[in-house]
Amino acid sequence: MHNIWLLTKVTFKQGIKSRILAGIAFLSALLFASNIAITNLFAIEMGKVMVDIGFSVLSLAGLSIIFFLGIGLVSHDIHNRTVCMVISRPFTRWQYILGKYGGLTLILLTATVILGALAILSFFVCSLLVPGLELPRDFSWPAILVTISFNFLSLLVVMSFAFFFTIISSSIYLAMLFTFCTYFIGHCLETIVKILQGGHFVDASPSLVFFLKTISWIFPNLSAFDLKASMAYGLPLDPVYLGWTAVYGCSYSVLMMIFTFIVFRRRDIC
Amino acid sequence: MSEIVFDHVTKSFKYGLKQQTVLQDLCLEIEKGEIFGFLGPNGAGKSTAINVALDFIRPDEGRVFIKGLPGNSVGSRGHVGYMPEHPQFYEQLSARELLCFGGLVSGINRSEINEHIEIILEKLELLPFMNRPVRTFSKGMKQRIGMGLAMIHDPDILILDEPMSGLDPLGRRLVTRLILDFKERGKTVFFSSHILNDVETLCDRIAILDKGKRLFYGNIEEFCRDSGSMEEAFVERITNSGH
C-alpha cells in the first residue's frame, strides 16, 4: 500500500504541475463565464439550458483531462520507458497499475471539485443575472452535488477504459480513438437499443437488435450516470437507483483494472 | 553464491512474420565485489540481457538469479540499483522529489531519506540544482540523476546500461570515481558498454556478446593475451565470429 500511495502522489504531482491541466482549467473557466451569455440567447427553458451548458463544460473538461493528460501520462510511462524506473525497484506490476490509476483518479477528483465549484458559481450567477430565468419548483442545490458526483463516476469508468487501451495499444492515438468510441457508444447505445426495440420509428432486423444488445453488455452504459435532466427539472432522485448505479460504475472500473493488470503482467515493457 | 547468474537465457522477438533471436543460451555468473563489463557491438543483445535480468522482458528459455533469488521476484530488485542507457524520469518533479520517490520505494525510511538525498546529490555535484524540475536539466545532468536514482538506496548490485553515454570528460570521471568507490565498499557492478577504454580501466572480468551469442567470458588479461591491445582483441573476436 505504501508503494501504491507513493506512486499515486507522484502521478498526482505530475498532473497538477502539467501545463495541459492549467490550459483545460482556463478554457473551462471561460466557458463557464460564457454560460451567462449563451443562456441569455434562449427565451424558454433557460434553467435547463443553463444546467446543460454547465455540465457539458464539466464533461468536456473531464474528457480532455482523460484524453490529453491521463492517456498522455500513462503513454509517456510505457512508450518512453519511464515505467522501468519504477519496476526496477521492489515494485510489483499490480502496484504500478493501482498507483498510476490512483494518481489519475486524484487528478480527476481535484479537477472535478474545482470545475464543479465553478459550475455551481456559474449557475448561481446565471440565476441572478439572466432575466426571466426561473428555476423549477423542486430544484435543489444539493442535487447538483449528486449530479457532479455521478459525472465524476462516469469519467472514472471512461478513464479505466482509457488506461486499458493505453496499456494494450502501441500508439497513443489508437488509445484515444478507442476511448472516444467507448465514450460515444456508452452514451448513445441505450437510447438506440430502446428505439429499435420499440419499433415505432424504425423497422430493425432482430439480428441487428441482438447484436446491439450484446454490445451493450460489453460497453458501459454511461447514460445511466447522466442526471442532468432530473436535476434541471427538479425531478426526484431515487436513492436505490443511485446506489446501484454507483455500484455499477465502481464494479466496471475494478473489472477494467483487473483486465489491465492481466495484460500488463505479461507484457514486455522494454 | 554468485551475485547475478544468467542460466541458459534465450530470447527472441517477432518482427512482422520473422523471428529474430536476440539472446542465445546466455550463461554468465557475476561474483560479489567485482566490476563486470558486458561488451559488444551495437545490437549485440547487451541491453536485452539486462532487461531480462530486471524482469522488464521475459526470456523464452532460462532464468536469471540475483543473490540467489529469481530475477522476476520483487525481493531480488531490492538489492539492485539500475540505470538505463537513456534515463527517463517524471520530468515535472524536481531532483529532490525524484530521489525521494526512488529512495522511499526502495525501502529507505522517511526519517533518513533527506540525508540520503543530500549525500547522493553532493556526490553527483547536483546539490545546487536540488529543487529544479528535471525537465530543465541537460543531458549530462539527467545521466547523473539516473546514477543517483540507481544509488540512492545503497544497493548491493549496480546494473548500468552504458553509464558513460552522453557524458563529458568531467562527467565520465565522476561516474568512474563512483563506480570504483562502489567496488571499494564490497559492492558489485555489472555494466554494459561499447567503449573499450572504460572497460579496460574499470573491469575485473568481461563478457563479449555478438548477435546474442557469448564470444568470450573471463578476465581482461586472458582476453588481450594474443593481441596487442583490447581494441585489437575485440575487433578480431567480433570479425572471427562472422559479424
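In strand E8 of chain B, B:Thr188 stands opposite B:Ile157. The model is a predicted one, in which local features need pLDDT of at least 70, side-chain atom pairs count only at pLDDT 80 or more, and totals for chains, interfaces and linings use all residues. Residues are numbered from 1 along each chain as its sequence is written, and chains are lettered from A and ligands numbered from 1 in the order in which they are written.

Strand E7(B) pairs with strand E8 (residues 188-193) of chain B in the parallel sense over five bridges. Two strands count as paired if DSSP finds at least two bridges between them. Strands (E, at least two residues) and helices (H or I, at least four) are DSSP runs, numbered from the N terminus. From E7(B) the chain passes through H6(B) to E8(B) in a right-handed β-α-β crossover. Right-handed here means that, with the strands pointing away from the viewer, the path from the first strand over the helix to the second runs clockwise. E7(B) also pairs with E6(B), again in the parallel sense, over four bridges. There, B:Val80 has B:Ile157 as its bridge partner.

E7(B) is mostly covered, with five of its five residues buried. A residue is buried if 20 or more other C-beta atoms lie within 10 Å of its own, exposed if 12 or fewer, and partly exposed in between, with C-beta atoms placed from the backbone. In a regular strand the side chains alternate between the two faces of the sheet. Both faces of E7(B) are covered. B:Ile157, B:Ile159 and B:Asp161 are buried on one side, and B:Leu158 and B:Leu160 on the other.

A second sheet is open and antiparallel. Its four strands run in the order E2-E1-E4-E5 (chain B). Strand E2 (18-30) and strand E5 (69-70) of chain B each have a single partner strand, so one side of each is left without a neighbour in the sheet. Strand E1 (residues 4-15) and strand E4 (residues 61-66) of chain B are joined by five bridges. B:Ile4 is partnered by B:Ile66 in E4(B). Helix H1 (residues 46-53) of chain B packs on this sheet and touches E1, E2 and E4 of chain B. The direction of H1 makes about 115° with that of E1(B). Axes are lines fitted to C-alpha atoms, for helices over the stretch in contact, and angles run from 0 to 180 degrees between N-to-C directions.

B:Thr21 lies in strand E2 of chain B. B:Thr21 is partly exposed, with 15 other C-beta atoms within 10 Å. Beyond residues up to four places away in sequence, B:Thr21 touches B:Ser12 and B:Gly212. Contact requires C-beta atoms, placed from the backbone, within 7 Å.

Chain B is divided into domain 1 (1-79 + 156-243) and domain 2 (85-155). These bounds come from an automatic or database domain assignment. Their contact takes 18 residues from domain 1 and twelve from domain 2 of chain B. On the domain 1 side, strand E7 (157-161) and helix H6 (169-184) of chain B each supply at least two residues.

The contact between chains takes 24 residues from chain B and 21 residues from chain A. Helix H2 (74-77), strand E6 (80-83) and helix H3 (95-105) are the elements of chain B that give two or more residues to this contact. H3(B) gives the most, with five residues.

Key. Two residues are in contact if their C-beta atoms, placed from the backbone, lie within 7 Å.
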